[in-house]
Amino acid sequence: MNSFENRDNFIGKENSPEDIDDKIVSKGKNALDTLHENIVKEKEKDLNLKISDIYGVDYDEASEIHINYHNLRIRKMIERSESLSGMKKFIDSNFDLKNLSAQVAFGQITENTCMDILIGIMKNQKEVKIKDRYINFYS
């Protein structure tokens with residue numbers, strides 16, 4: 001029996017049994033989305049145990065599932081971002097998104113912080129190219 005069937009992981013300070021009845025219980029992405037509702041970054045790392053219970057896997061595999069979940073969410077955010085959408089191939093080849101996703105999964109940074117990091121780096125990269133072009137042209 002997993003935690004969704006026995007409801008142990010949902011009932012706590014933030015959740016009441018009445019809230020659970022309104023939720024559709026699943027094991028897929030919806031289960032992960034439900035776990036992430038209104039969560040603060042400090043509690044993010046605690047979700048690995050809940051994921052382990054939901055999927056019936058060990059802690060390491062649950063961590064991998066959690067990292068992959070955030071990796072997919074970050075990639076979707078990149079696609080929707082005006083400043084990053086055209087840079088997807090560059091980002092894939094020059095950044096370790098898996099590492100950033102792991103930092104999100106373990107509560108070190110948020111997904112929005114990850115996007116701020118990528119946007120900041122890309123803006124700096126563009127500024128350097130513009131400056132270099134003029135330095136090379138006039139030197």
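In helix H7, the residues Leu 97, Leu 100, Ser 101, Ala 102, Val 104 and Ala 105 are buried, where buried denotes a relative accessible area under 20%, exposed over 50% and partly exposed in between, for a 1.4 Å probe and protein chains only. The model is predicted, so that local features need pLDDT of at least 70 and side-chain atom pairs count only at pLDDT 80 or more, whereas totals for chains, interfaces and linings use all residues. Residues are numbered from 1 along each chain as its sequence is written, and side-chain values use heavy atoms, with hydrogens and water left out. Helices (H or I, at least four residues) and strands (E, at least two) are DSSP runs, numbered from the N terminus.

Beyond its neighbours within four places in sequence, Ser 101 is in contact (heavy atoms within 4.5 Å) with Ile 67, His 70, Asn 71 and Ile 74. Asn 99, also in H7, is partly exposed, with a relative accessible area of 39%. The C-alpha atoms of Asn 99 and Ile 67 are separated by 8.7 Å, although the two residues are 32 apart along the chain. After H7 comes Gly 107, whose phi is positive, near 75°.

A nonpolar core is a set of buried Ala, Val, Leu, Ile, Met, Phe, Trp, Tyr and Cys residues joined through side-chain atoms within 4.5 Å. The largest such core has 14 residues, of which Ile 78, Leu 84, Ile 91, Leu 97 and Leu 118 touch the most other members. H5, H7 and helix H8 (111-138) each supply at least two residues of this core, and H8 gives the most, with 4 residues. When residues up to four places away in sequence are not counted, Ile 91 touches Ile 78, Leu 84, Leu 97, Leu 118 and Met 122. A second, separate core of 8 residues includes Leu 35, Ile 51, Ile 54 and Tyr 69.

Helix H3 (29-36) and helix H5 (59-80) each contribute at least two residues to the lining of the second largest pocket, and the greatest contribution, 3 residues, is that of H5. This lining divides into 5 nonpolar, 5 polar and 6 charged residues; Ala, Val, Leu, Ile, Met, Phe, Trp, Tyr, Cys and Pro count as nonpolar, Asp, Glu, Lys and Arg as charged, and the others, Gly among them, as polar.
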